[in-house]
Amino acid sequence: MIRRILVANRGEIAVRIIETCARLGIETVLAASAADLDAVPARRADRVVCIGPAPPGQSYLNAAAIVAAAVETGCDAIHPGYGFLSESIVLAAKAREAGIVFIGPTAAQLAGVGDKLRARELAVAAGLPVVPGGAAGSIEEAEAIVARIGCPILIKAVGGGGGRGMKLLLDPRDARDAIALAAAEAEAAFADGRVYLERFVARGRHVEVQLVGDGETVLHLGDRDCSIQRRYQKMVEEAQAPGLDEALRARLHAAAVAFGRALAYRGLGTVEFLVDAERGEFYFLEMNARIQVEHPITEAITGLDLVAEQIAIADGRPLRLAQDDVAFAGHAIEFRINAEDCLRDFRPSPGTVTRAVFPAGEGVRVDTHVEAGSAIPPFYDSLVAKIIVHGQGRAEALARAARALADCRIEGIATNLDMHRALLADAEFRRGGVDTAYFPRFWRT
């Protein structure tokens, strides 16, 4: 039985994991960099261990240091959160070699879905539709794909994720240079120069389905719409996807579960789809084999604690729910509050928070690691808080969001709060069901 967990992450997700562990009576040890030893998660954990200097490559991305910290502090398990090494086969393998439970899927599942090309093959084998395109093992193969499916085309790094490693190709005459550049950048960023090509769908919606599995049974926990993105980075998410045809929603859920069953999936995972809502079609994009930033909106509509479910599965317990036990109540929206200056092309804004006042009240939840006096280091992701609202329907959730965003104050650093307030007032957003082309159009107006 898991009694002590090493939390191998930082920021709000570290606080989130620590809170669930405290509720379950599980001790936590926070693996923190030198820059985070005085941060809020460090004060919430039962114990803190320094795993290295501030740069992520010397701390949060150092699998050997993380496993050594878990061994030294007598931890039974490692929770990697999201980002950093959350989908690392190396961390999972090293943990198991040390006799420590990795809270996540198996190494084989991580290998299968972590490689985008392999995941695409697995999806096809499971009967899921994929975006036209394919692997580009050479410039000549890539040019053949461009000639076959035409531009615009998205060039994706096989080792990329979270919007990183993507390039849009608009003119086939630029294919050779663009693909060579993308491969070079992928090699530099991910130590994997492989790229693949997919037809770019300009007016699609990004809809994802949350899965949970114990290795035998796989359930879906509904869907989320993540179409509001800037440079492929999600900014606002909703559960469930607004305005989606119910027959199409059912097909998405079934496809995600079919993929999870084909993998005999164990743990939390999210299957991401590109939805052509006008044609009623969808395509498999990828699977994220971890908890995601937007998990609270699924928790809001299902009443489940997904971190607790993760820990139970890692502990070897079977799912306690059947699909019919999962009920969906109301509508939830999450707003990501980032330390960035929207008026200066969303430039990062590290510094010290001098004042932090977060909203509260019925249907409002705030996940954060920030308070007055908190330092926002320049080394990490700019997320400082998530404001999650939940109502009986979308209209009530929007009303609660307006009050919550109005009440929120973060001073000392620039944030995107004003951008979210403007977004909330926009008629197109309020109607719901926007596509991935919406945000760049909105922010220009």
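Student: What makes the way H1 passes H11 a right-handed crossing?

Tutor: A crossing is right-handed if the near helix is turned clockwise from the far one by less than a right angle, and left-handed if anticlockwise. H1 passes H11 in the clockwise way, so their crossing gets the right-handed label. Before we go on: this is a predicted model, where local features need pLDDT of at least 70, side-chain atom pairs need 80 or more, and totals for chains, interfaces and linings use all residues. Residues are numbered from 1 along each chain as its sequence is written, and side-chain values use heavy atoms, with hydrogens and water left out.

Student: Why are H1 and H11 called roughly perpendicular?

Tutor: Their axes (lines fitted to C-alpha atoms over the stretch in contact, with angles from 0 to 180 degrees between N-to-C directions) cross at roughly 65° and come within 9 Å. Angles of 65 to 115 degrees count as roughly perpendicular, under 35 as roughly parallel, over 145 as roughly antiparallel and the rest as oblique. H1 and H11 therefore count as roughly perpendicular.

Student: Which residues make the contact between H1 and H11?

Tutor: From H1 (residues 11-24), they are Arg16, Ile17, Thr20, Cys21, Arg23 and Leu24. From H11 (residues 306-314), they are Leu306, Val307, Ala308 and Ile311. Contact means heavy atoms within 4.5 Å. By class, that gives seven nonpolar, one polar and two charged residues (Ala, Val, Leu, Ile, Met, Phe, Trp, Tyr, Cys and Pro are nonpolar, Asp, Glu, Lys and Arg charged, the others, Gly among them, polar).

Student: Which strand gives the most to the lining of the largest cavity?

Tutor: That's E12, with three residues. E11 (218-230) and E12 (233-239) each supply at least two. The lining of the largest cavity includes Asp225, Val236, Arg394 and Phe429, and by class has five nonpolar, two polar and four charged residues.

Student: And which residues line the second largest cavity?

Tutor: Val212, Leu219, Leu304, Glu309, Leu319, Arg320 and Leu321. They divide into five nonpolar, no polar and two charged.

Notes. Helix = DSSP H or I, 4+ residues; strand = E, 2+ residues; numbered from the N terminus. 1 Å grid on protein atoms, 1.4 Å probe; cavity = no way out; pocket = protein on both sides within 12 Å on 5 of 7 lines; lining within 4 Å.
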